[in-house]
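Reader: I would like to learn how to read the charged and nonpolar features of a model like this one, taking them one at a time. Could you walk me through them, beginning with a single residue and the partner it meets?

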Amino acid sequence: MKPDDATLAAEIDGLRRTLRILRGESGCAWDRERTLDDIISNLVEETYELLHAERAGDIDGVEEELGDVLFLVVFAHELLLERVETPLSAIVSRVHRKIVSRHPHVFGDEKADTAAESQAAWDRAKRLERAGRPPMGLLDGIPHDLPPLRRADAVQRIATAVGFDWPDIRGIVGKIREESDELLDAVLEGDRAHVKEELGDLLFTVIHLAGRLDADPEGALATTTAKFADRFRAMESAAAERGRDLESMEIDEMESLWQAAKRKKGER
């Protein structure tokens, strides 16, 4: 065992001992009351905090949040041990074997030169793993509890993988225009249920375009939201310098401030 490996093992053992003290009778009531469901929910939250730190370019924050995620993984395993005697090493070994088996183009005889071919090899290996098990639909492995945007992306990537897709990007962009027109028609009709349906269709198609471009739609949306917020704050500051607030301005005045904020940041 390498020195770093030994240090890691000792730290995880120490963390586990601390957890058992916290869960003990003289420990912490909050920790004692945690269930596996609670910890998994916390893990989701911490993962988003990790993502936020990474997108903010905060390396120290990434390290801290990665530690929080690791703590919750160990906590979840500790709670699992109260149900079954499965050591963490067995769980690591299991995922390691799976990762190797799902990369036959790296550890086997298959060939894959592009990301799409690699994904196809992964999907084939995954289907082989299920051989002999009860039949499962292609979409059945996608968790229903995923955030809607991520679930839509996952569903459409599977559909694309089996060839159920437009032949090129132009077809998807054309569909976006079609859905935009249908949304406008629904708005003009004044039918709220129809508006909601058409809005969903438009969003779904835009998310599909992101998948075809191999772009994370959630990340793209987060970037644009942050950009908008920066410009909006700049508008507020510019209005305040004039002794005004945005609520008192006409739309053309706000548009002028908006364009000025874009020019100041060198944005298009």
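Author: Let us begin with Glu253, which is partly exposed because its relative accessible area is 27%. Please keep in mind throughout that this is a predicted model. The side chain of Glu253 meets that of Arg244 in a salt bridge, with 3.2 Å from N to O, and Arg244 is likewise partly exposed, its relative accessible area being 30%. Salt bridges with shared partners also join Arg16, Arg20 and Glu78 into one network.

Reader: How many salt bridges does a search of the whole structure find?

Author: The search finds 17 of them.

Reader: Are Lys175 and Glu179 buried or exposed?

Author: The general idea is that a residue counts as buried when its relative accessible area is under 20%, as exposed when it is over 50%, and as partly exposed in between. Lys175 has 23% relative accessibility and therefore counts as partly exposed, whereas Glu179, with a relative accessible area of 5%, is buried.

Reader: Which residue meets Arg34 in a salt bridge, and how should I read the accessibility of Arg34?

Author: The partner is Glu33, and the N to O distance between the two side chains is 4.0 Å. Arg34 is buried because its relative accessible area is 16%, while Glu33 counts as exposed at 55% relative accessibility.

Reader: Let us turn to charge on the surface; which residues gather in a patch of negative charge?

Author: To read such a patch, one looks for residues with over 30% relative accessible area and no salt bridge, joining like charges that are within 9 Å. Here the negative patch on the surface gathers Glu45, Glu49, Asp58, Asp60, Glu63 and Glu64. Helix H3 (36–55) and helix H4 (59–81) each supply at least two of the residues in this patch, and H4 gives the most, with three residues. Asp60 is a residue of helix H4, and because its relative accessibility is 56%, Asp60 counts as exposed.

Reader: And which residues form the positive surface patch?

Author: The positive patch is formed by Arg94, Arg97, Lys98, Lys126 and Arg133. Helix H5, made of residues 88–101, gives the most to this patch, with three residues. Arg97 has its place in helix H5, and its relative accessible area of 53% is why Arg97 is classed as exposed.

Reader: Which residues make the nonpolar surface patch?

Author: Leu138, Leu139, Val162 and Phe164 make a nonpolar surface patch of about 430 Å². Of these residues, Val162 is found in the loop between helix H8 (148–161) and H9, and with a relative accessible area of 52% Val162 is exposed.

Reader: Where is Glu247 found, and how should I read its accessibility?

Author: Glu247 is found in the loop that lies between helix H11 (217–241) and helix H12 (251–264), and at 72% relative accessibility Glu247 counts as exposed. Glu247 and Glu236 are 11 residues apart along the chain, and their C-alpha atoms are separated by 9.9 Å.

Reader: How far apart in space are Ala120 and Leu81?

Author: From C-alpha to C-alpha, Ala120 and Leu81 are 36 Å apart in space, and they are 39 residues apart in sequence. Ala120 has its place in helix H7, residues 115–129, and with a relative accessible area of 29% Ala120 is partly exposed.

Reader: To finish, what does the side chain of Thr205 reach?

Author: The side chain of Thr205 reaches the backbone oxygen of Asp201, at 2.8 Å. Thr205 has its place in helix H10, residues 192–212, and Thr205 is buried because its relative accessible area is 7%.

Notes
Residues numbered from 1 in each chain as written. Predicted model: local features only at pLDDT ≥ 70, side-chain atom pairs only at ≥ 80, totals over all residues. Heavy atoms only, no water. Patch = residues over 30% accessible without salt bridge, like charges linked within 9 Å, V, L, I, M, F, W, Y side chains within 5 Å. Areas by Shrake-Rupley, 256 points an atom, 1.4 Å probe, with all protein chains shown as cover. Lys, Arg positive; Asp, Glu negative; His and termini not counted. Charge placed at Lys NZ, Arg CZ, Asp CG, Glu CD. Helix = DSSP H or I, 4+ residues; strand = E, 2+ residues; numbered from the N terminus. Buried < 20%, exposed > 50% of the residue type's maximum accessible area, 1.4 Å probe, protein only. Polar contact = N/O pair within 3.5 Å; in protein donor to acceptor, adjacent residues only side chain to side chain.
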